[in-house]
Every structure is written in structure tokens, then in C-alpha cells.
Amino acid sequence: MENNLSLQVATGTVILRERRKRHLTQQILADQAGLQRVYLVGIEGGRRSVSLAVIFALAQAMGMPAAELVRKIQAELGSG
């Protein structure tokens, strides 16, 4: 469970950072990824697990390869 929580927090941290870097609001990113804003809030807050499909959708909405997003999440896990 602790590992899963760490993954959720790392994922949220990276998605928040990447969204802000691109000057996107939560609503715009959620809309572009086909998600509800409240779900994105939960992801960024480290309270939601995400599926691979959601990782792909978020990466595409931010204009980056999903593999790059996953690498950034892995790096964040390593720094924690």
C-alpha cells in the first residue's frame, strides 16, 4: 500500500508540474484529456490512482510522449 501511495503522489506531483509548465488550467487539461476536473484534482493531489489509459490521455493532452511522462514519474519516485 505504501508503494502505491508513493506512486500516486509522484504521479500527481509530475502531472501538476508539467501542467503548470505548459500554462494549462486544470479544466483545460481535463477537457483535452477527456477527464473530469475533479478527477484531475484528485490525481494532482496524490489521492487517485491512474490507469495506463489515463497516463496516455494526459501525456497526449500535454503534447508529450507517454513514455516521457512515465520516465518523469519514475525519476520523481527515485527522488522521494
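Author: Happy to! One term first: a residue is called buried when its relative accessible area is under 20%, exposed when that is over 50%, and partly exposed in between. Also keep in mind that this is a predicted model.

Reader: Thanks! Then which is Glu44, buried or exposed?

Author: Glu44 counts as buried, because its relative accessibility is 10%. You'll find Glu44 in helix α3.

Reader: What does Glu44 touch there?

Author: Leaving aside residues up to four places away in sequence, Glu44 touches Gly12, Thr13, Ile15, Leu16, Arg19 and Gln26. With Arg19 there is a salt bridge too, at 2.6 Å from N to O. Glu44 belongs to helix α3 (residues 37–44) and Arg19 to helix α1, so the pair ties together parts that are 25 residues apart in sequence.

Reader: And Arg19, is that one buried or exposed?

Author: Arg19 is buried, with 8% relative accessibility.

Reader: Nice. How many salt bridges are there?

Author: The count comes to 6. As a general point, side chains of opposite charge can pair when their charged atoms come close.

Reader: What does Arg17 pair with?

Author: Arg17 forms a salt bridge with Glu76, and their closest N and O atoms are 2.8 Å apart. Arg17 sits in helix α1 (residues 2–21) and Glu76 in helix α5 (residues 66–79), so this pair ties together parts that are 59 residues apart in sequence. Arg17 is partly exposed, at a relative accessible area of 41%.

Reader: Which residues are linked in a network of salt bridges?

Author: Glu18, Lys21, Arg22, Glu68 and Lys72. Within that group, Glu18 bridges to Arg22, with the closest N and O atoms 2.6 Å apart. Glu18 is buried at 2% relative accessibility, while Arg22 is partly exposed at 28%.

Reader: OK, let me zoom out. How many helices and strands does the chain have?

Author: There are 5 helices and 0 strands. Reading from the N terminus, the order is α-α-α-α-α. The radius of gyration is 11 Å, close to the 12 Å that the globule rule gives for 80 residues, so the chain is as compact as a globular protein of that length.

Reader: What does the C-alpha trace span?

Author: About 30 × 25 × 20 Å along the principal axes.

Reader: And how much of the chain counts as buried?

Author: Of its 80 residues, 35% do. The chain exposes about 4800 Å², and carbon and sulfur atoms supply 55% of that area.

Reader: How many residues are in the largest nonpolar core?

Author: That core has 20 residues, and those with the most contacts inside it are Ile15, Leu29, Leu58, Met62 and Leu69. Each of α1, α2, α3, α4 (52–61) and α5 supplies at least two residues of the core. The biggest share comes from α4, with 5 residues.

Reader: Let's pick Leu69. What does that residue touch?

Author: Not counting residues up to four places away in sequence, Leu69 touches Val14, Ile15, Ile55, Ala59, Met62 and Met64.

Reader: Good to know. Which residues of helix α2 are buried?

Author: In α2 (residues 26–33), Leu29, Ala30 and Ala33 are buried. Looking down the axis of α2, the buried residues fall within an arc of 100°, so they line one face of the helix. In general, an α-helix has 3.6 residues a turn, so residues three or four places apart point the same way.

Reader: What comes just after α2?

Author: Just after α2 is Gly34, which takes a positive phi of about 75°.

Reader: Last one: is His23 buried or exposed?

Author: His23 is exposed, because its relative accessible area is 72%.

Note on methods. Residues are numbered from 1 along each chain as its sequence is written. This is a predicted model: local features need pLDDT of at least 70, side-chain atom pairs count only at pLDDT 80 or more; totals for chains, interfaces and linings use all residues. Side-chain values use heavy atoms; hydrogens and water are left out. Buried means under 20% relative accessible area, exposed over 50%, partly exposed in between (1.4 Å probe, protein chains only). Helices (H or I, at least four residues) and strands (E, at least two) are DSSP runs, numbered from the N terminus. The arc is that of the directions from the helix axis to the C-beta atoms. A salt bridge is a side-chain nitrogen of Lys or Arg within 4 Å of a carboxyl oxygen of Asp or Glu. Contact means heavy atoms within 4.5 Å. The radius of gyration is taken over C-alpha atoms; the globule rule is 2.2 Å times the number of residues to the power 0.38. Accessible areas come from the Shrake-Rupley method with a 1.4 Å probe; for residues, only the protein chains shown count as cover. A nonpolar core is a set of buried Ala, Val, Leu, Ile, Met, Phe, Trp, Tyr and Cys residues joined through side-chain atoms within 4.5 Å.
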